[in-house]
Amino acid sequence: MLLNRLDLGTGEMPDKLRALDGGMIRIAGYVVPIEDHMTRATEFLLAPYSGACIHSPAPPPDQILQVVMEANPVRFQMDRCYWLEGRLRISDSESPYGRVAYRLEGKSLTPYADAY
């Protein structure tokens, strides 16, 4: 994955990653709610595996996206993988579960369907 190519110490990144900043992306992951409601949210983290940030140490900041959905809250199940589409921003910031290297302005969240 290209997102983990960001050097968290220096902020250096490959040109391909820099080109994604401000662009639309589609990425798969698991929802980690940061609001009180556990089945729908307008703001959440997208993590690479189920249960991340809750019962174990958080993944590195370059593997987590802080998401704010543009429209109404989306429904989700925490143990289910989803496709998330939206505009990526490379932005080192703090979330309730720790540091994140990316923000995403969410357009849609849909269940992940394996192509096999």
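Two strands are taken to pair if DSSP finds at least two bridges between them, and the helices (H or I, at least four residues) and strands (E, at least two) are themselves DSSP runs, numbered from the N terminus. What follows describes a predicted model, in which local features need pLDDT of at least 70 and side-chain atom pairs count only at pLDDT 80 or more, while totals for chains, interfaces and linings use all residues. Residues are numbered from 1 along each chain as its sequence is written, and side-chain values use heavy atoms, with hydrogens and water left out.

The confidence of the prediction is expressed as pLDDT, the predictor's confidence in each residue on a scale from 0 to 100. For this protein the mean pLDDT is 88, with 93% of the residues reaching 70 or more. Among the elements, strand β4 has the highest mean pLDDT, at 95, whereas strand β2 (residues 40-41) has the lowest, at 90.

The C-alpha trace spans about 35 × 30 × 30 Å along its principal axes. The radius of gyration, taken over C-alpha atoms, can be set against a globule rule of 2.2 Å times the number of residues to the power 0.38; for 116 residues a compact globule would have a value near 13 Å, and the protein agrees, with 13 Å. Counting as buried those residues with under 20% relative accessible area, as exposed those over 50%, and as partly exposed those in between (1.4 Å probe, protein chains only), one finds that 36% of the 116 residues are buried. Where a contact means heavy atoms within 4.5 Å, residues 24 or more positions apart supply 61% of the contacts that have a separation of 6 or more.

The strand pairing can be followed through β6 and β7. Strand β1 (residues 24-33) runs antiparallel to β6 and is joined to it by seven bridges, with glycine 29 having tyrosine 82 in β6 as its bridge partner. Strand β6 (residues 81-95) in turn pairs with β7 in the antiparallel sense over 12 bridges, and in this pairing leucine 84 stands opposite leucine 109 of β7; the hairpin that joins β6 to β7 passes through two residues. Strand β7 (residues 98-111) is also joined to β4 (residues 65-69), here by five bridges and in a parallel arrangement, where valine 68 has glutamate 105 in β7 as its bridge partner.

Among the side chains, the charged end of arginine 26 sits over the ring of tryptophan 83, 3.8 Å from the ring centre, the criterion being that NZ of Lys or CZ of Arg lies within 6 Å of the ring centre and within 35 degrees of the ring normal.

Two residues may be considered from the earlier part of the chain. Glycine 9 lies in the segment before α1 (15-20) and is exposed, because its relative accessible area is 72%; its C-alpha atom is separated by 31 Å from that of serine 108, 99 residues away along the chain. Lysine 16 is found in helix α1 and is likewise exposed, because its relative accessible area is 66%. Between lysine 16 and threonine 39, which are 23 residues apart in sequence, the C-alpha to C-alpha distance is 35 Å.
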